[in-house]
Amino acid sequence: MVVLAASVLSKSGKVLVSRQFVDMTRIRIEGLLAAFPKLVGTGKQHTYVETENVRYVYQPIEALYLLLVTNKQSNILEDLETLRLLSKLVPEYCYSLDEEGICKTAFELIFAFDEVICLGHKENVTVAQVKQYCEMESHEEKLHKLVLQSKINETKDVMKRKASEIDKSKIDKNKGDKGGFMSMGLGRIEASFSDMSISSTGSGVGGGSGAGVTTDVDTFSTKSKGRQPSSATAPPKGLGMQLGKSQKTNQFLESLKAEGELIFEDVQPRAGQSRVAAPAPTDPITLTAEEKLNVTLKRDGGISNFDVQGTLSLQILNQDDAHIQVQIETGGNPGILFKTHPNMSKELFANDNILGLKDPSRPFPTGPAGDAAGVGLLKWRMQSADESMVPLTINCWPSVSGNETYVSIEYEASTMFDLRNVVISVPLPALREAPNVRQIDGEWRYDSRNCVLEWSIVLIDNSNRSGSMEFVTPPADSSAFFPISIRFSAASLYSDLKVANIIPLKGGGAPPKFSQRTNLITENYEVV
Amino acid sequence: MEKSCTLLIHFDKGTPAIANEIKEALEGNDVPAKIDAMKKAIMLLLNGETLPQLFITIVRYVLPSEDHTVQKLLLLYLEIIEKTDAKGRVLPEMILICQNLRNNLQHPNEYIRGVTLRFLCRLNMTEIVEPLIPSVLQNLEHRHPFIRRNAILAVMSIYKLPQGEQLLVDAPDMIEKVLSTEQDPSAKRNAFLMLFTCAQDRAVNYLLTQVDRVSEWGELLQMVVLELIRKVCRTNRAEKGKYIKIIISLLNAPSTAVIYECASTLVSLSSAPTAIRAAANTYCQLLLSQSDNNVKLIVLDRLNELKSSHRDIMVDLIMDVLRALSSPNLDIQRKTLDIVLELITPRNINEVVLMLKKEVVKTQSGELEKNGEYRQMLIQAIHSCAIKFPEVASTVVHLLMDFLGDNNVASAIDVVIFVREIIETNPKLRVSIITRLLDTFYQIRAARVCSCALWIIGEYCLSLSEVENGIETIKQCLGELPFYSVSEEGEGTDSSKKTPQANSITVSSRRPAILADGTYATQSAASETALSAPTVVQGSLASGNLRSLLLTGDFFLGAVVACTLTKLVLRLQEVQPSKVEVNKATTQTLLIIVSMLQLGQSSVLPHPIDNDSSDRIVLCIRLLCNTGDDIRKIWLQSCRQSFVKMLSEKQMRETEELKSKAQVSHAQPDDLIDFYHLKSRKGMSQLELEDEVQDDLKRATGEFVSDTDDMNKLNRILQLTGFSDPVYAEAYVTVHHYDIVLDITVINRTKETLQNLCLELATMGDLKLVERPQNYTLAPESSKQIKANIKVSSTETGVIFGNIVYETSNVHERTVVVLNDIHIDIMDYISPAVCTDAAFRTMWAEFEWENKVAVNTVIQDEREFLEHIIKSTNMKCLTPVSALDDECGFLAANLYAKSVFGEDALVNLSVEKQTDGKLGGYIRIRSKTQGIALSLGDKITLKQKGGS
């Protein structure tokens with residue numbers, strides 16, 4: 001009861017199409033089909049041939065044979081019925097019943113044969129049903145598409161509405177601005193507008209843009225609220241606009257989500273983000289400890305250069321607060337050599353870890369708020385050949401296979417740091433289009449101008465200490481993928497330097513408020 | 001296990017598609033172009049290209065396509081690509097398709113889901129299937145039957161995978177639930193099939209709970225039920241009783257396919273007379289109700305099987321079987337007669353013969369072209385009936401004698417031979433047959449029939465009246481004497497001027513006739529074609545049939561006439577008291593004979609009488625002039641005696657054949673014996689434990705390779721390169737039916753690594769290499785096994801040439817080692833076969849290719865030489881042994897063989913012992929194709945020398 005194969009042969013014995021329904025080797029089926037034309041006799045009034053192992057049931061159709069190969073115990077009545085059905089199907093799909101016609105529609109025939117026989121068993125179908133199955137006209141699919149389309153339309157509507165609302169609110173606000181700050185002149189209008197939109201988030205005077213409270217804005221220290229007017233002159237102009245825009249897209253996505261659409265939020269970090277400028281200091285005294293990493297790793301493991309350079313800088317906003325000393329705590333790492341500013345009192349530092357000017361009466365220089373650098377107090381340096389000190393190791397394996405090169409990259413981050421805004425840039429051989437990224441932990445971007453594939457991971461913490469990416473490029477030498485350069489930042493330092501206290505030198509009273517920032521950034525981090 | 005092949009498409013090599021073009025089209029957005037490119041890619045893959053670079057393109061650009069046709073083609077593509085690496089592990093990139101498959105399984109379009117599920121049935125990689133299982137299971141409950149159907153099959157094939165039981169632990173449970181609620185007949189069938197293959201107990205359980213409703217089930221399901229029953233009963237014989245009931249109820253099913261299946265199931269389950277009878281009845285019913293010839297023939301095959309195993313039961317059904325004769329197809333009629341003839345018993349012989357007679361009469365009225373052949377078959381059937389049961393002869397012989405004058409010479413000859421035999425074996429019928437024969441003699445048209453009838457008349461006219469009648473009849477048929485007059489001669493020469501051309505043309509265009517022993521006959525006597533040749537003087541001689549035959553120049557018949565007349569006159573001398581009458585008859589006879597001689601020597605006829613016939617006629621004249629007792633005895637008695645001897649020999653041969661046939665079917669000493677009466681359940685046969693159906697399927701798919709012993713394999717080892725070559729290679733050649741497998745061992749004999757080592761093969765003859773060669777790297781002094789498959793499509797000696805090409809690190813050019821040629825022996829493809837003499841002769845005449853090989857041998861004995869040729873060519877000798885007996889210094893024999901591809905190979909061997917004691921002569925080989933004739937000729941030339 002098993003049909004081994006359904007085939008169409010030309011009268012001369014050429015196999016035009018054959019579909020097998022049970023496992024058999026190519027040589028076997030070709031052998032069986034090659035033997036057939038020699039077995040089929042002429043002038044016989046029956047249309048089957050039996051050999052030692054198989055039975056052929058056939059039907060001549062013009063210049064062709066339609067043939068079923070079955071086992072010998074197969075039920076002839078059923079097979080004949082199958083053959084009859086197939087013989088009706090062949091002309092349905094072939095315009096001309098000759099070699100050319102069959103070859104042209106070979107695939108359609110195979111699809112039709114599949115509907116009639118499955119796994120060698122006959123299906124109970126009619127010609128009309130087979131045609132229907134092969135056309136694949138599905139009511140449900142249409143319905144599904146309609147629903148999808150209507151959802152998209154709906155969302156578009158919502159989007160438009162929201163957009164117009166926002167536009168309106170902008171106009172309203174503009175009007176309000178004009179009313180309030182007329183005297184400031186046209187040149188300031190724009191700045192004050194962005195000003196307004198920021199302040200509105202905090203104070204809730206937002207008017208029309210009620211939906212504008214986002215987490216992005218929360219990063220601003222709440223401590224700074226009181227002094228905002230003075231410091232708020234600095235923020236870059238475009239920031240406010242940008243926030244508004246992202247709100248709009250967010251809304252769109254949210255509404256899509258609400259309607260059941262699965263949307264991956266696009267959180268691809270920008271290339272420059274690892275160097276995000278530190279927000280302008282808002283405390284009267286700010287201490288910034290920054291370490292820069294210069295690391296060169298070898299591509300097959302090992303360090304060729306590891307160098308950390310750290311600075312501690314002080315920034316004082318008001319002259320009043322400038323008479324201070326800074327008490328610090330160092331991590332006690334013996335590999336780190338500290339060097340104070342020539343103006344600093346070395347003894348004080350060596351004995352008490354206090355940074356103060358040699359001349360205690362002199363105040364520290366105060367800087368304007370915009371100058372982020374501040375005054376350097378202390379420098380330190382660390383060098384090491386210890387691989388365990390490397391915060392992030394990269395393992396890149398290009399392998400050529402056939403006409404393609406498969407590149408697998410893997411990173412491993414040490415547990416010392418939580419790395420932020422990691423960007424791994426892999427140079428590629430000149431490519432017109434993006435490489436085929438097959439698997440990735442994180443996001444990727446292809447910079448076609450520089451031929452660099454950038455793999456970015458927003459945050460590497462304990463949940464993803466290691467990760468990998470694989471992509472395929474046209475064949476290339478493995479050295480083409482080096483040097484890989486890496487950028488990231490982290491909030492903790494090698495030196496573990498901490499500011500313990502600020503000791504005011506003038507007038508007792510409470511020590512002034514200070515804020516401390518620590519920042520580890522990469523200056524030159526490469527795998528060569 | 002070699003990769004299985006799921007589809008073949010003819011690929012026109014004239015328009016090769018470039019991989020790059022395909023790639024570009026696949027990357028584009030144009031759907032028709034994409035479809036086209038997919039098709040091309042699939043064709044290229046089928047044609048043996050690997051196209052590895054295309055996979056990624058397809059994953060990237062084709063996978064997301066929305067178009068249905070593209071998706072379906074994609075499934076075909078995935079079906080045929082290589083999914084595993086050399087070690088059988090799934091390639092890692094295959095995981096990429098999983099997501100797409102999953103999406104397809106959840107596609108809103110039910111047909112996409114369906115075809116994807118169907119594709120899963122053909123996928124046997126656990127790694128790919130595993131993540132898809134939840135989606136497959138979801139589809140089990142889809143509301144569209146098309147999906148459910150395929151989902152069930154997908155579950156089945158997943159469950160059947162090596163670790164399928166772990167993947168889908170509760171599959172039988174689920175399917176059982178599905179089965180109980182399913183309404184769609186096809187899906188239900190699939191569900192039952194799944195239980196049947198994966199959890200037989202559950203299937204049986206379900207069947208038994210639903211016993212009463214089986215007859216209402218769909219046709220497809222019923223078929224599977226029957227299959228299940230067969231399988232269950234095979235393993236668990238004790239439970240057969242339960243199922244037989246189901247089968248009986250299904251015998252009344254509306255679908256004929258089910259009925260047929262029921263019958264074969266019954267036969268395989270039981271040998272109880274009732275069951276067999278029911279099955280046989282069913283077959284007979286199908287035989288009558290089905291109009292399709294194929295069905296009839298196959299049902300007849302089944303009946304034939306039943307006949308050999310359960311003859312006693314079939315005997316009762318003989319009349320039902322006979323009814324199949326009503327079909328106009330000769331093959332069916334022949335098969336039916338074959339079955340019936342072996343079922344004849346004294347009880348039914350009369351009925352059968354009556355039926356056959358009716359059929360014979362029917363052939364007279366019908367206008368069908370095949371009637372003649374059919375009649376001949378019927379006559380032969382009646383003939384063998386009459387031999388088995390001589391008492392029926394009287395009822396048929398007269399009827400048959402009406403056909404002596406039949407236009408179909410073959411059937412007329414059959415009739416006359418039949419009559420000849422009956423008249424000897426049935427003395428009681430002699431008088432009536434002779435009377436009848438004399439009455440109908442004038443109707444006989446064919447020369448061969450005439451001569452046989454004349455012999456009967458000469459031999460069996462015993463009484464006075466019969467003898468006189470006989471002489472009279474012959475005289476009448478010869479017409480007025482002389483055969484030609486002088487005036488006629490004039491006319492004759494006139495007309496002979498135009499006709500000889502025609503005659504000579506017809507004569508020369510005829511091929512030389514071959515006698516039964518395979519020798520060429522150079523005479524043109526007594527052949528049917530003479531009948532159709534235009535006769536010169538027929539116009540004036542409408543009267544006698546003998547006369548017209550004689551006037552066509554058939555002097556062999558003339559000699560027979562002369563002998564018959566002589567014989568009759570000799571007998572007349574014994575029975576006629578009146579001397580005057582005898583003398584009168586003698587002179588008349590002499591006159592006739594003399595005029596025949598005269599005719600033979602005249603110039604009226606295009607060619608004069610041949611020497612043999614004229615000698616014989618002259619002998620008759622001499623005999624009539626002076627008779628003697630010795631001669632009388634020879635003429636009147638010895639003739640008859642040798643005929644009797646011939647008959648008895650024929651009978652002996654038949655009984656011997658029967659005996660040898662009977663011997664074959666005897667049980668082997670260690671066969672199991674069923675003690676019918678000791679069995680607990682009556683009539684239940686011993687069943688083989690192995691599953692025939694499975695075997696049958698395996699044989700069909702070619703999986704069933706019998707293990708040939710290794711010794712045999714080692715005999716066919718072939719050394720391909722020399723021992724001093726840097727690469728040593730040797731091969732086992734395994735010849736299967738349609739393919740040759742070369743197992744080549746390659747050994748690196750150098751101390752260097754050989755890179756890009758490639759075995760390049762080329763073939764001559766009807767051989768085709770299946771795969772492209774691959775490159776290997778061979779470490780110093782290591783070896784590698786390479787397999788090469790070669791397809792064979794006709795019987796012919798083929799040669800496989802080859803090179804081994806490699807590179808080494810220090811030499812930049814590729815080094816080539818030429819291999820020894822591998823010759824494929826034709827003997828592997830031909831096997832001895834049997835065909836009738838007539839078929840042999842027609843083939844001999846038809847086939848275009850002849851290869852003539854002069855005998856050149858050291859063998860001195862003709863028989864020994866024949867044996868040697870038979871042995872070395874693996875053919876069957878068609879010439880009976882009895883004809884080859886005795887020493888006469890020459891020998892002619894026909895050999896026949898058939899190839900696995902159904903081609904015929906004919907050989908005629910004619911040798912003569914020459915005066916110097918050596919054998920001389922020719923061996924002729926004929927075949928339809930050049931290949932066989934040539935290859936076989938080469939083979940014979942090579943082997944005929946013999947001696948060692």
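Leaving aside neighbours within four places in sequence, which residues is Thr440(B) in contact with? Contact here means heavy atoms within 4.5 Å. By that rule Thr440(B) is in contact with Met401(B) and Leu404(B). Thr440(B) lies in helix H26 (residues 430–440) of chain B; helices (H or I, at least four residues) and strands (E, at least two) are DSSP runs, numbered from the N terminus. With a relative accessible area of 8%, Thr440(B) is buried. Buried means under 20% relative accessible area, exposed over 50%, and partly exposed in between, with a 1.4 Å probe and protein chains only.

This is a predicted model, in which local features need pLDDT of at least 70 and side-chain atom pairs count only at pLDDT 80 or more, while totals for chains, interfaces and linings use all residues. Residues are numbered from 1 along each chain as its sequence is written, chains are lettered from A and ligands numbered from 1 in the order in which they are written, and side-chain values use heavy atoms, with hydrogens and water left out.

**Chain A**

Chain A contains 11 helices and 23 strands. Of its 528 residues, 44% are buried. Among the contacts in chain A with a separation of 6 or more, 69% are between residues 24 or more positions apart.

Two loops of chain A have backbone details to look at. In the loop between strand S20 (466–473) and strand S21 (484–490) lies Pro483(A). The peptide bond that leads from Phe482(A) to Pro483(A) is cis, and its omega is near -5°. Glu62(A) is in the loop between strand S4 (54–61) and strand S5 (64–71). Glu62(A) is not a glycine, yet its phi is positive, near 45°. The relative accessible area of Glu62(A) is 59%, so this residue counts as exposed.

**The interface**

The size of an interface is often given as the accessible area lost when the parts come together. Here, buried area is the accessible area (1.4 Å probe) that two parts lose on being put together, summed over both. Between chain A and chain B it is about 7700 Å², and carbon and sulfur atoms give 56% of this. Ile27(A), Phe107(A) and Met136(A) supply 10% of the area that chain A buries against chain B, more than any other three residues. The contact involves 79 residues from chain A and 89 residues from chain B.

There are 5 salt bridges between the two chains, a salt bridge being a side-chain nitrogen of Lys or Arg within 4 Å of a carboxyl oxygen of Asp or Glu. Arg19(A) forms a salt bridge with Glu79(B), and their closest N and O atoms are 2.7 Å apart.

On the side of chain A that touches chain B, helix H1 (residues 26–39) of chain A gives the most, with 12 residues. The residues of that side divide into 34 nonpolar, 18 polar and 27 charged. Ala, Val, Leu, Ile, Met, Phe, Trp, Tyr, Cys and Pro count as nonpolar, Asp, Glu, Lys and Arg as charged, and the others, Gly among them, as polar.

**Residues of chain B**

Met156(B) is found in helix H9 (residues 145–159). Apart from neighbours within four places in sequence, Met156(B) is in contact with Leu119(A), Leu193(B), Met194(B), Thr197(B) and Cys198(B). The loop between helix H5 (95–105) and helix H6 (110–121) holds His107(B). Not counting residues up to four places away in sequence, His107(B) touches Glu141(A), Ile112(B) and Arg113(B).

Asp916(B) lies in the loop between strand S18 (904–913) and strand S19 (919–927). A polar atom of the side chain of Asp916(B) lies 3.2 Å from the backbone nitrogen of Lys918(B).

| Residue | Relative accessible area | Class |
|---|---|---|
| Met156(B) | 4% | buried |
| His107(B) | 14% | buried |
| Asn874(B) | 29% | partly exposed |
| Asp916(B) | 54% | exposed |

Notes
A polar contact is a pair of N or O atoms within 3.5 Å; within protein, one must be able to donate a hydrogen and the other to accept it, and residues adjacent in sequence count only if both atoms are side-chain atoms.
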